[in-house]
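This report looks at a few side chains and where they sit. Please keep the sequence and the structure in view while reading.

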Amino acid sequence: MTNCELVAMKNQMATAEENLKIATRDIHKCKQQIEQTREQLQKAELTFTHQVAVYERNAEDNWIKTQIRETRMAEQSREVARLKHRCGSVT
């Protein structure tokens, strides 16, 4: 190899090494972005799951309250009917 060819090869190697460094840096940035996106997704999933749990608990609480109110209304209706019957039998 001539001296000129040797210098040209060294320059090509230096350029290739620089390109490798840039590519490695870009890959590292991409991996960081992927990890950040993954973390954001996990946080969003946890938030969503928590919200669903809260809504389900509220729905269950409302259903229980409705059942209690319906039971009370039925008891009051029976009491009103009993009192009407009692008042009707007194006269």
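What is the relative accessible area of Arg82? The value is 40%, and Arg82 is partly exposed. The model discussed here is a predicted one.

## Arg82 and Glu79

Arg82 forms a salt bridge with Glu79, with a distance of 2.6 Å from N to O. Both residues belong to helix H1, where they are three residues apart, or about one helical turn. Glu79 is partly exposed, at 35% relative accessibility. Partly exposed covers the range between buried, under 20% relative accessible area, and exposed, over 50%.

Side chains of opposite charge can pair when their charged atoms come close.

## Arg38 and Glu35

A search of the whole structure gives two salt bridges. Arg38 and Glu35 form one of them, and their closest N and O atoms are 3.0 Å apart. Arg38 and Glu35 are three residues apart in helix H1, so about one helical turn separates them.

Arg38 has a relative accessibility of 44% and counts as partly exposed. Glu35 is partly exposed as well, with a relative accessible area of 35%.

## A nonpolar patch

The surface also carries a nonpolar patch, formed by Met1, Leu6, Met9 and Met13. Together these residues have about 430 Å² of accessible area.

Leu6 lies in helix H1, which spans residues 3-90. Leu6 has a relative accessible area of 38% and is partly exposed. A residue needs over 30% relative accessible area to be part of a patch, so Leu6, at 38%, passes that cut-off.

Technical notes:
Residues are numbered from 1 along each chain as its sequence is written. This is a predicted model: local features need pLDDT of at least 70, side-chain atom pairs count only at pLDDT 80 or more; totals for chains, interfaces and linings use all residues. Side-chain values use heavy atoms; hydrogens and water are left out. Patches are made of residues with over 30% relative accessible area and no salt bridge: like charges are joined within 9 Å, nonpolar side chains (Val, Leu, Ile, Met, Phe, Trp, Tyr) within 5 Å. Accessible areas come from the Shrake-Rupley method with a 1.4 Å probe; for residues, only the protein chains shown count as cover. A salt bridge is a side-chain nitrogen of Lys or Arg within 4 Å of a carboxyl oxygen of Asp or Glu. Helices (H or I, at least four residues) and strands (E, at least two) are DSSP runs, numbered from the N terminus. Buried means under 20% relative accessible area, exposed over 50%, partly exposed in between (1.4 Å probe, protein chains only).
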